[in-house]
Amino acid sequence: MISFDKEKCIKCQLCVNDCGTGVISLDEEGYPKFTGEKACLKCQHCFAACPAGAVIFNGNSADDAPSIGNYPDTAQLENLMKSRRSVRKYLNKEIPWDVLKRLSDTLAYSPTGCNDHRLKLIFVTGKKTDEFRRKTNNILLKILHSPLALLMPKRYKRFFKRIDDGEDVIYRGAPAFIVVAVHKNSPCKAEDPIIALTWFELLANSMGLGCCWCGFAQRAFQKFSSLRNMLELDKNYKVGSVILFGYPNIQYHRQTLPEKFETSIL
């Protein structure tokens, strides 16, 4: 899994010092050696930290990986974080494949607990989105016109009336959505999907897309097996989080003025 090119190695020991699980040590000549495949988290810190490019990970050398470029400055990132909005009005515009691929590829870098990379990303676009829209609305309309409606909390009644009037309350007319599913044995199955979609939302906004976290769709997938089956998930996975996305049909001209969180510095 991890090996070292001794001709390039400068014996700086950065790979040893930055290994969080201690699976890299030094041999008699002072070169690093890999000693614990089972304990390795595959975090690739050693690969990224080596100034000489001497670490080889899964057959990949430093020449296969891009160098770290310039970060956005603090003001740019702060503006993006303060300006993003929950978008619920979308243009009927297809999202290009290269945009979807870039979003998908970048999500592989999302932090996960114990570096567990068993998340599944399911992009639903175009006609498939309409299939989910129809199926979900049909399920909800059946509930609305059955005795089960009497058991629904009062706070949901206004949403059911809008659904009965033909409004797309769940998917908001979005041309696409992404579902992040998590393995049942994931060490951080509650947190990992949320972290991944937080990264997704910021990158999507920087590309001119708008997003909306969709708790209604998340609960629908979790409650109705017929919807989960449409996602083609195996039994070891469950739906973690859902985000609607597309090109916004509205332009926001300024940041908002939210109430501040209660803060203490100890």
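**Notebook: pocket, cavity and salt bridges**

I began with open space and found that the largest pocket has a volume of about 1800 Å³. I then listed the lining of this pocket: it comprises 38 residues, and those closest to the pocket centre are P66, I68, T106, Y109 and W199. I note here that the model is a predicted one.

**Entry: make-up of the pocket lining**

Which helix gives the most to the lining of the largest pocket? I found that α7 does, with five residues. I recorded four helices that each supply at least two lining residues, namely α2 (45–49), α3 (74–83), α4 (97–107) and α7 (192–206). I also sorted the lining by residue class: 22 residues are nonpolar, 13 are polar and three are charged.

I looked up Y109 next, as one of the residues closest to the centre of the largest pocket. I located Y109 in the loop that runs between α4 and β5 (120–125). Is Y109 buried or exposed? I read a relative accessible area of 64% for Y109, and this residue is therefore exposed, the cut-off for that class being over 50%. I then found Y109 in a nonpolar patch on the surface, together with I195 and W199. I noted about 340 Å² of accessible area for the three residues together. W199, like Y109, is listed among the residues closest to the pocket centre.

**Entry: enclosed space**

I noted a volume of about 80 Å³ for the largest cavity. I listed its lining as F4, C9, I10, K11, C12, Q13, C15, P32, C50, A54 and V55. I divided this lining into nine nonpolar residues, one polar and one charged.

**Entry: salt bridges**

How many salt bridges does the structure hold? I counted 11 and looked up several of them individually.

I found the side chains of D116 and R118 joined in a salt bridge, with an N to O distance of 2.7 Å. I checked the exposure of both partners. D116 has 13% relative accessibility and so counts as buried, whereas R118, at 32%, counts as partly exposed.

I then looked up D130 and R133, whose closest N and O atoms are 3.1 Å apart in a salt bridge. Why are D130 and R133 separated by about one helical turn? I traced this to their positions: they are separated by about one helical turn because they lie three residues apart in helix α5 (residues 126–144). R133 is buried, at 14%, since the class of buried residues takes in values under 20%.

I also recorded the salt bridge between R162 and E167, in which the closest N and O atoms are 2.9 Å apart. R162 counts as partly exposed, with 23% relative accessibility. E167 also counts as partly exposed, at 36%.

Which residues are linked in a network of salt bridges? I noted K6, D27 and E29 as the members of such a network.

Definitions and conventions
Residues numbered from 1 in each chain as written. Predicted model: local features only at pLDDT ≥ 70, side-chain atom pairs only at ≥ 80, totals over all residues. Heavy atoms only, no water. 1 Å grid on protein atoms, 1.4 Å probe; cavity = no way out; pocket = protein on both sides within 12 Å on 5 of 7 lines; lining within 4 Å. Points joined across faces, edges and corners; volume = space filled by probe spheres on them. Nonpolar A, V, L, I, M, F, W, Y, C, P; charged D, E, K, R; others polar. Patch = residues over 30% accessible without salt bridge, like charges linked within 9 Å, V, L, I, M, F, W, Y side chains within 5 Å. Areas by Shrake-Rupley, 256 points an atom, 1.4 Å probe, with all protein chains shown as cover. Salt bridge = Lys/Arg side-chain N within 4 Å of Asp/Glu carboxyl O. Buried < 20%, exposed > 50% of the residue type's maximum accessible area, 1.4 Å probe, protein only.
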